[in-house]
Each structure stands twice: as C-alpha cells, then as structure tokens.
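Here is a structure to read closely. The questions below take up single residues, then strands, helices and rings.

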Amino acid sequence: MGESKKRRAPLWARISVIAGVLLLVPGGGAAVAGRTLLSGYTDRVTDDSLLNEIDTEAQAAPPKREVDIDGPLNLLLVGIDPRDEKTAPLADSIVIAHIPRDRHSAYLFSMPRDLYVDIPAFKASGTGADTTKINAAMSYGSRLKNGGYSPAQGFQLLAKTVSNRTGIKAFDAGAIINFGGFKKIVEAMGGVEMVIDMDVKSEHLKPDGSPRDRIPACQGHHRCSRPYTGPQKFYKKTDKPVHLKAWEALDYVRQRYGFDGGPKMGDYDRQRHQQQFIRAMAKQAMSKSVVSDPATLLKVVKAGGESLDFDGGGHDIVDWAVELQSLNVDDIVTVKLPGGGVYSQDGRHEYLGERFDEDVDAFFKAVTEDRAAAFLLDHPEFVNMDQ
C-alpha cells in the first residue's frame, strides 16, 4: 500500500478495541513514541503460541511462521466465557475476518458454535478424532496432560478444525477474547449504541441484570437445555440505535432462543447480532467520547489488556494497525452463511448440530482465492442487510 494514501483509523485495532490508542501513532516519530507507550500493553495481549501449530506426528513445534501482511489476510477471532480455571473453555463465538489484498473492504463471517464438524486428533492434549459440535474443539485442545487447561493450546486445535472446514490453510493472525474482561472494555467506553433488530428475551438474566433462577431439577449434575425460570430481561426491536449498558449488550448478543409470541430465533440470529456488536464497538471506540478523553482511553486500554490474547504471526498489534489503517468501520461487510440442522439417522432423529448449505463451500473457496467481493456480488443473499 502506498505511503501517499490518506491514512484512517486501523480496522484491526477497532476490532480489538484499542484503536483509540493507535490513533496516537499515525507515523514517523509519533509511531516510535506510540510503540513505547503501548509496549506494556502489547506485551500483555501478545501470545505467540496461538498460531504455532504443533506437529501432531512428531509432537514438535516447527519454526514460527512469520506472516507476510502485504497480501490477502484471514484473522480468527474466538470469544470464550471461562467459568473457572478448572473448567475447559468453550468457543462461545468464532468469527473470521477476511481482508482482501486491495484493502478496500473487510468481511466478517461466523462459524456456528453448534456446527457439526470433524475435529482431528491432537497429541498435545491426548484427544482423539471426533465428529461433534465445533465449539468442543477449544475444549479438547486445551487439555494439559499434567492437568488443567490452556486456552492458547485449545485455540491451536480450533484453528486447525476451522481450517479443515473452510479450506483456509493458515490464519495470519488470531485472538482469544475473554468475555468477562470484554465486559470491562464496554463499561470503560460507557456502553455501546446498537440497533435491536428483533424482539429478544434473555435466557440468562432478569430485568435488573441479575442471574435468573435455575430450575431445581436442572441443578447439580442434571443438565437441561434451558435450565432457567422466572422474569426475563426484554430487548424491544428498534429502528434507531439505542444505548446499551455493558451487561445489556453482552447479554443481548448471547441469546439464541425465541419465546412464546415472539419471532423465531436461532444461532444464526446470534451470529448476526455478534457481528453487529463488533461494528458498533468499533464505531464506539472511535467516538470522541473515547479517543478525546485520556481517562476513558486509559480505562479502555487497561481493560483490553485483561481480556485479549493476540498472535500476529510475528508482527505486533501496532504493525497490523499500520498495515490496515486505510480501512474504515464502514468498510466492514458482515456475511451470513446459510444452513440448517443435522439429525441422527438411527430412527431417534436426535439433533446433532448445524450444517452449512452447499453454496457456503463456494464462498469459502472464493475467500481462499481472494474473490469474496465477486462472490457476494453474485450472491447478495449472503450479505447481512441489517448492519
């Protein structure tokens, strides 16, 4: 990309919710000063093990692949909601950001957490191959042989599983976002402005934000698909952006169940809402209330350091910001990948997970060949209109 081109705020930094700080480093001496300012932060968020794929035959880590950030790029963003250090993490959201070589746009698409896939064997965790929901890949891969769990190791198996399903040979950057810490980022920014595109009732929270009561029969070892009862927080459909507090925004984008008298809802709706949330967060991070207020900016940076693990393929987050700073929030296109349910064929018709329609494989092929724009021009039904 030519240095003479006008530079705008960096897309990747927005997605990572640290764009406000990176605005301080547009180039030259300011970039040097900015790197010094950000050194502690980037050290906290950097984890070079996320993309360091393990050789499952020799069980040896090959030399680190250094990414060339000049060509088309694919970034894997994984949201986890860990309960505690003794519980295996699950991939609550799996988002891929594809950025074409020309840098004219960026495309966000999600892998449903219930996508029914082949998960390969992984010697690092001692787990065998399995065919199940994709969010289990993070859990399988995270298991340490001496006990405990490593989300970074789990990311490696999840990335391999996603690569196998999409045909994307390797990801150029990756990040794990801890939703618990992410809530602090939204709080530091004073909430977020979002359009509520459908009526939604919370499965998890009461109207005041406190947890809903659990059904007694679903306590302990007895698991239920919908274990809660009592009053529910209600999000009413709006035509214009409304202000959501941090807990409201994160609760809203977690929902995937409809309610009596309301619209049908599923995981694809949740994916759309998560993509909308990323765009809204990006725009909020660039607002004057954040970037022009040093106190707010510092709170956002501190919260980011507590919630994000980033692997830039040999490049730090500032390198990525400089490369992608010509992109704008309005350049982000959110993509919906159509599909349906998968059921057992043994007569019980048991729900196993989700599948993609055949056309989705053609979209993945277009991504690997850097033809996403042309594909979406021919298949406008893949583009989320509610952005």
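**Questions on the fold and its details**

Reader: Between which two strands is the loop in which Arg-103 lies?

Author: Arg-103 sits in a loop with a strand on either side, in a predicted model where local features need pLDDT of at least 70, side-chain atom pairs count only at pLDDT 80 or more, and totals for chains, interfaces and linings use all residues. Residues are numbered from 1 along each chain as its sequence is written, and side-chain values use heavy atoms, leaving out hydrogens and water. Helices (H or I, at least four residues) and strands (E, at least two) are DSSP runs, numbered from the N terminus.

Reader: Is Arg-103 buried or exposed?

Author: Arg-103 is not a glycine, yet its phi is positive, at about 60°. Buried means under 20% relative accessible area, exposed over 50%, and partly exposed in between (1.4 Å probe, protein chains only). With a relative accessible area of 3%, Arg-103 is buried.

Reader: What is the relative accessibility of Asp-370?

Author: Asp-370 also has a positive phi, near 60°, in a residue other than glycine. Its loop runs between helix H12 (358–368) and helix H13 (372–378). Asp-370 counts as partly exposed because its relative accessibility is 27%.

Reader: Which are the edge strands of the open sheet of six strands?

Author: The strand order is E13-E6-E1-E2-E3-E14, with mixed pairing; two strands pair if DSSP finds at least two bridges between them. Neighbouring strands of this sheet are turned by 20° against each other on average, direction ignored. The edge strands each pair on one side only, and these are E13 (308–311) and E14 (332–335).

Reader: What is the bridge partner of Val-78 in E6?

Author: Strand E1 (residues 73–80) and strand E6 (residues 173–178) run parallel and are joined by six bridges. Within this pairing, Val-78 is bridged to a residue of E6. That partner is Ile-176.

Reader: At about what angle does helix H8 run to E3?

Author: Contact means heavy atoms within 4.5 Å. Axes are lines fitted to C-alpha atoms, for helices over the stretch in contact, and angles run from 0 to 180 degrees between N-to-C directions. H12 packs on the sheet, touching E1, E2, E3 and E14, with its direction at about 140° to that of E3. Helix H8 (residues 267–285) lies across E2, E3 and E14, and its angle to E3 is about 145°.

Reader: How many Å from a polar atom of the side chain of Asp-172 is the backbone nitrogen of Asn-74?

Author: Asp-172 is in the loop between helix H5 (151–166) and E6. Asp-172 counts as buried because its relative accessible area is 10%. The backbone nitrogen of Asn-74 lies from a polar atom of the Asp-172 side chain at a distance of 2.8 Å.

Reader: What is the angle about the S-S bond of Cys-218 and Cys-224?

Author: The structure holds one disulfide, a pair of cysteine sulfur atoms within 2.5 Å, and here Cys-218 is joined to Cys-224 with S to S 1.9 Å. Cys-218 is buried at 4% relative accessibility, whereas Cys-224 is partly exposed at 32%. The link is left-handed, and the angle about its S-S bond is -95°.

Reader: How far apart in residues are Phe-234 and Phe-259?

Author: Rings of Phe, Tyr and Trp (its six-membered ring) pair if their centres lie within 6.5 Å; planes under 30 degrees apart count as stacked, over 60 as edge-to-face and the rest as tilted. The whole structure has 10 such aromatic pairs. The rings of Phe-234 and Phe-259 have centres 6.2 Å apart and planes at 90°, so this pair is edge-to-face. Phe-234 belongs to strand E11 (residues 234–235) and Phe-259 to the loop between helix H7 (246–252) and H8, a separation of 25 residues.

Reader: At what angle are the planes of the rings of Tyr-343 and Tyr-351?

Author: Tyr-343 is partly exposed, with a relative accessible area of 34%, and Tyr-351 is partly exposed at 34%. Their ring centres are 5.7 Å apart. The pair is edge-to-face because the planes are at 65°.

Reader: What percentage of the residues of the protein chain count as buried?

Author: The chain has 13 helices and 16 strands. Among contacts with a separation of 6 or more, residues 24 or more positions apart account for 68%. Of the 387 residues, the share that counts as buried is 51%.

How values were computed:
Polar contact = N/O pair within 3.5 Å; in protein donor to acceptor, adjacent residues only side chain to side chain.
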